[in-house]
Amino acid sequence: MEESLIKAAILAAQNSYSPYSNFTVGSALLAENGKIYLGCNIENGAYTPSNCAERTAFFKAISEGVTKFKAIAIVGGHDKNFDDFCSPCGVCRQVMSEFCSKDFEIILGKKDLSYKKYTLEELLPHSFELED
Ligand code: THU
């Protein structure tokens, strides 16, 4: 499961629009219904409208009525070089916490398909919750 999601994230990264940072990110979000949503980072000349790869995948799924998720794989690196792990930013972690349980899996992958896996609880402890 992990390796195939990482391969999908590498595929997704090919569509990254990142002419300003040259930092290419891809994600593959596995929904509970088994569907996989791909995302890439999409930058903008005005900078702030840029979107991360993780949120692109989440927003694609949610806009199609899919709101329950199991795992996301993320790859990222300069000039499509996925030699190091790329960890999700704080904003993306907060978006994950809106829709995912604490045991949602976050898989950080490299091009050799090695990975590190965390739960959302590990990457965003003591988060601001809907109940708050
Ligand atoms: N980026 C992502 O897409 N996801 C992350 O988790 C970290 C950062 C993007 C945003 C921007 O397009 C580029 O990487 C450099 O920050």
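1. Glutamate 105 counts as partly exposed, at 24% relative accessibility. Glutamate 105 forms a salt bridge with lysine 117, and the closest N and O atoms are 3.6 Å apart. A salt bridge is a side-chain nitrogen of Lys or Arg within 4 Å of a carboxyl oxygen of Asp or Glu. Glutamate 105 lies in strand β4 and lysine 117 in strand β5, so the pair ties together parts that are 12 residues apart in sequence. Helices (H or I, at least four residues) and strands (E, at least two) are DSSP runs, numbered from the N terminus.

2. A word on the model. It is predicted: local features need pLDDT of at least 70, side-chain atom pairs count only at pLDDT 80 or more, and totals for chains, interfaces and linings use all residues. Residues are numbered from 1 along each chain as its sequence is written, and side-chain values use heavy atoms, with hydrogens and water left out.

3. Which residue forms a salt bridge with glutamate 2? The partner is lysine 117, with the closest N and O atoms 2.7 Å apart. This pair links distant parts of the chain. Lysine 117 is in strand β5 (residues 115-119), while glutamate 2 is in helix α1 (residues 2-13), and 115 residues separate them. Lysine 117 counts as partly exposed, at 36% relative accessibility. Glutamate 2 is buried, with a relative accessible area of 13%.

4. Now put these pairs together. Salt bridges that share partners join Glu2, Glu105 and Lys117 into one network. The structure holds 4 salt bridges.

5. Another salt bridge joins the side chains of aspartate 83 and lysine 111 (3.2 Å, N to O). Here too the pair links distant parts of the chain, 28 residues apart. Aspartate 83 is in the loop between β3 (69-78) and α3, and lysine 111 is in the loop between β4 (105-109) and β5. Aspartate 83 is partly exposed, with a relative accessible area of 39%. Lysine 111 is partly exposed as well, at 48% relative accessibility.

6. Arginine 93 deserves a look. It is found in helix α3 (residues 90-99). Arginine 93 is buried yet has no salt bridge. Where is the nearest side chain of opposite charge? It belongs to glutamate 54, 7.7 Å away. For charge, Lys and Arg count as positive and Asp and Glu as negative; His and the chain ends are not counted.

7. What lies beside the side chain of arginine 93? The backbone oxygen of proline 88 lies 2.7 Å from one of its polar atoms. The backbone oxygen of leucine 123 lies 2.9 Å from a polar atom of the arginine 93 side chain. Both are polar contacts. A polar contact is a pair of N or O atoms within 3.5 Å; within protein, one must be able to donate a hydrogen and the other to accept it, and residues adjacent in sequence count only if both atoms are side-chain atoms.

8. Next, the ligand. The residues around it are Ser21, Phe23, Val25, Asn41, Glu43, Cys52, Ala53, Glu54, Ser87, Pro88 and Cys89. A residue is near a molecule if one of its heavy atoms lies within 4 Å of it. By class, this shell has 6 nonpolar, 3 polar and 2 charged residues. Ala, Val, Leu, Ile, Met, Phe, Trp, Tyr, Cys and Pro count as nonpolar, Asp, Glu, Lys and Arg as charged, and the others, Gly among them, as polar. β1 (23-31) and α2 (53-63) each supply at least two residues of the shell.

9. A polar side-chain atom of asparagine 41 lies 2.9 Å from a ligand oxygen. A backbone N or O atom of serine 87 lies 3.3 Å from an oxygen atom of the ligand. For a polar backbone atom of cysteine 89, the distance to a ligand oxygen is 3.4 Å. The protein covers 77% of the 370 Å² of accessible area that the ligand has on its own. Accessible areas come from the Shrake-Rupley method with a 1.4 Å probe; for residues, only the protein chains shown count as cover.

10. Last, a backbone detail. Lysine 80 has a positive phi of about 60 degrees although it is not a glycine. Lysine 80 is found in the loop between β3 and α3. Most residues other than glycine have a negative phi.

Notes:
Buried < 20%, exposed > 50% of the residue type's maximum accessible area, 1.4 Å probe, protein only.
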